[in-house]
Amino acid sequence: MKKLICSLLLLVMSTNVLADCDFSKGITTGPNNTHIFTEECYLKVGQLVQDAKIKDQQIADYSKAIQLKDLALTNADARTALWTKTAEDEQDRMNKLDSEQKHSDWLYFGLGVATTFLAGYAAAKLAGR
């Protein structure tokens, strides 16, 4: 019996809360530019005002999230550009080192040939004495 009474009260209260307002009939103009609302319209308008505040907060949160996303993308682009510049600089450095290594190899080869020639010349001078 208690369950039946509780469910009946719950049903009556929920239909009262879910009452819908007909704005064309539920709002009348009063004196001094005021408006008179029926109870259903008063509740509905209050709910609309609360929903508008929640939506405004959600829009502000979404705008902040979009700004943070844009900032993150900008930072990622900057890091990518920095990495690309560093990689290109390192590649140029490696090319320069490779070029200098080739010059050093030719220099060592030339010095080796000159040393061999001079050693032969010195041996010939000593033997010819």
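This is a predicted model: local features need pLDDT of at least 70, side-chain atom pairs count only at pLDDT 80 or more; totals for chains, interfaces and linings use all residues.

Modeller: Start in helix 3 (residues 39-127). W106 and F109 sit three residues apart there, so about one helical turn separates them. Helices here are DSSP runs of H or I with at least four residues, strands are E runs of at least two, and both are numbered from the N terminus.

Biologist: How are the rings of W106 and F109 placed?

Modeller: One aromatic pair is counted. The ring centres of W106 and F109 are 6.1 Å apart and the planes stand at 90 degrees, so the pair is edge-to-face. Rings of Phe, Tyr and Trp (its six-membered ring) pair if their centres lie within 6.5 Å; planes under 30 degrees apart are stacked, over 60 edge-to-face, the rest tilted.

Biologist: Are W106 and F109 buried or exposed?

Modeller: Both W106 and F109 are exposed. Buried means under 20% relative accessible area, exposed over 50%, partly exposed in between (1.4 Å probe, protein chains only).

Biologist: New topic. How many disulfides are there?

Modeller: The search finds one disulfide (cysteine sulfur atoms within 2.5 Å). C21 is joined to C41, S to S 1.6 Å. C21 is in the loop between helix 1 (2-17) and helix 2 (23-26) and C41 is in helix 3, so the pair ties together parts 20 residues apart in sequence. Both C21 and C41 are buried.

Biologist: And what is the overall pattern?

Modeller: Along the sequence, the protein reads α-α-β-β-α.

Note on methods. Residues are numbered from 1 along each chain as its sequence is written. Side-chain values use heavy atoms; hydrogens and water are left out.
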